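Reader: I would like to learn how to read the packing in a protein model. Please give the general idea each time, then the case at hand.

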Amino acid sequence: MSRFSLERSGISYIRSGPQDSKVALVCVHGWACQATDYTYLFTELNKTVSLKFQAVAVDLPGHGKSSTKSYPVASISAFAEAVNVVANELGTREIVLVGHSMGMRVVLEAWQQSLAITGTSIVKGVIFLDGSHYKFRKSLFAFDKADPRSKDLTAGEVKEKIAEAFLRMFSSRTPAEFQASTLAHVKSIDAEYNESMRQSHISYDYERLDDVMAEIGKANIPLLNLQATKIDEQNQRIPLKQGEVTQWMRLVQEKVPRAQQYVVPGSSHFLHVDDPAEVARRIMEFVDGLDERF
């Protein structure tokens, strides 16, 4: 795996697989996470002798090794623009966009932005990793500015509450080194940038998410949803059992009738870390199937 940085935009990304391939899997991490989350998945993909695509993971602005110089205000739209900058830099003929958690919104917006600019898109497929929708949640987190409880929290307490939320996203299968690096990274995110990001993230669900998913369905863009958790009334992620279907999964099927959906049992929110072999297998099957459609 190699790391690259785009000087003009300040965006950094990691790249793996056959770099002469004109097909790329472009992966986007979730809220307060980073590109290196995908190293476990990329390691599994690289075990495939006949791998036909390169795999790329982007550090969103203000995350990992990426600066905020070109994107001083965090938003789903700005993040999508950054992803498209990297996609264009790759010079590939086709890409498959992968979004984990908040990254799911970013890849949807990246697809729509690319379509709006050129009238066509090199995006040939979209993959969600443990997505969700805020309209199905009973409440926000206490650290979210729109939640009344946040008014009583100091800046230090907000950071601790965020770290606690992440701790509950791990499972017994989540490597200890990943947990430690993730929590350290979460605490390093600029507070003002994080607040802007959270507001945009939540607003996107209520204002844009349903409509953009419906457009994906109408455009007949292949979509794979890999789901590992559901969200309970306390806003906690609960691992799914095989055969369970969530409100979110029903909405995905409604908006994108041909979507492929699978539960990845035994994992928590970071399914691509907890069970990278299964996630890699599902992605490989999905991408191989795209060859038959295009």
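**Cores, helix pairs and loops**

Author: W31 touches H63, M102, F143, I162, F166, M169, N194, M197 and R198, leaving out residues up to four places away in sequence. Contact means heavy atoms within 4.5 Å.

Reader: What kind of model is this, and how are residues numbered?

Author: This is a predicted model, in which local features need pLDDT of at least 70 and side-chain atom pairs count only at pLDDT 80 or more, while totals for chains, interfaces and linings use all residues. Residues are numbered from 1 along each chain as its sequence is written, and side-chain values use heavy atoms, with hydrogens and water left out.

Reader: Which residues touch the most other members of the largest nonpolar core?

Author: A nonpolar core is a set of buried Ala, Val, Leu, Ile, Met, Phe, Trp, Tyr and Cys residues joined through side-chain atoms within 4.5 Å. Buried means under 20% relative accessible area, exposed over 50%, and partly exposed in between (1.4 Å probe, protein chains only). The largest core here has 66 residues, and W31, L97 and F166 touch the most other members. Helix 2 (residues 76-90) gives the largest share of this core, nine residues. Helices (H or I, at least four residues) and strands (E, at least two) are DSSP runs, numbered from the N terminus. A second, separate core has 29 residues, including L51, L226, A228 and V287.

Reader: At what angle do helix 2 and helix 3 cross?

Author: Axes are lines fitted to C-alpha atoms, for helices over the stretch in contact, and angles run from 0 to 180 degrees between N-to-C directions. Angles under 35 degrees count as roughly parallel, over 145 as roughly antiparallel, 65 to 115 as roughly perpendicular and the rest as oblique. The axes of helix 2 and helix 3 (residues 102-118) cross at roughly 65° and come within 8 Å. Helix 2 is therefore roughly perpendicular to helix 3. On the helix 2 side the contact is made by I76, S77, F79, A80, E81, V83 and N84, and on the helix 3 side by M102, R105, V106, E109, A110, Q113 and S114. By class, this contact has seven nonpolar, four polar and three charged residues. Ala, Val, Leu, Ile, Met, Phe, Trp, Tyr, Cys and Pro count as nonpolar, Asp, Glu, Lys and Arg as charged, and the others, Gly among them, as polar.

Reader: How do helix 4 and helix 5 pack?

Author: Helix 4 (residues 155-167) and helix 5 (residues 176-188) have axes 10 Å apart, at an angle of about 150°. That makes helix 4 roughly antiparallel to helix 5. K159, E160, I162, A163, F166 and L167 in helix 4 meet T182, L183, V186 and K187 in helix 5. These residues divide into six nonpolar, one polar and three charged.

Reader: Is N235 buried or exposed?

Author: N235 counts as buried because its relative accessibility is 7%. N235 is found in the loop between strand 8 (229-231) and strand 9 (237-239). Although not a glycine, N235 has a positive phi of about 70°.

Reader: And where is N220?

Author: N220 is in the loop between helix 6 (191-218) and strand 7 (223-227). N220 is not a glycine, yet has a positive phi of about 60°. At 35% relative accessibility, N220 counts as partly exposed.
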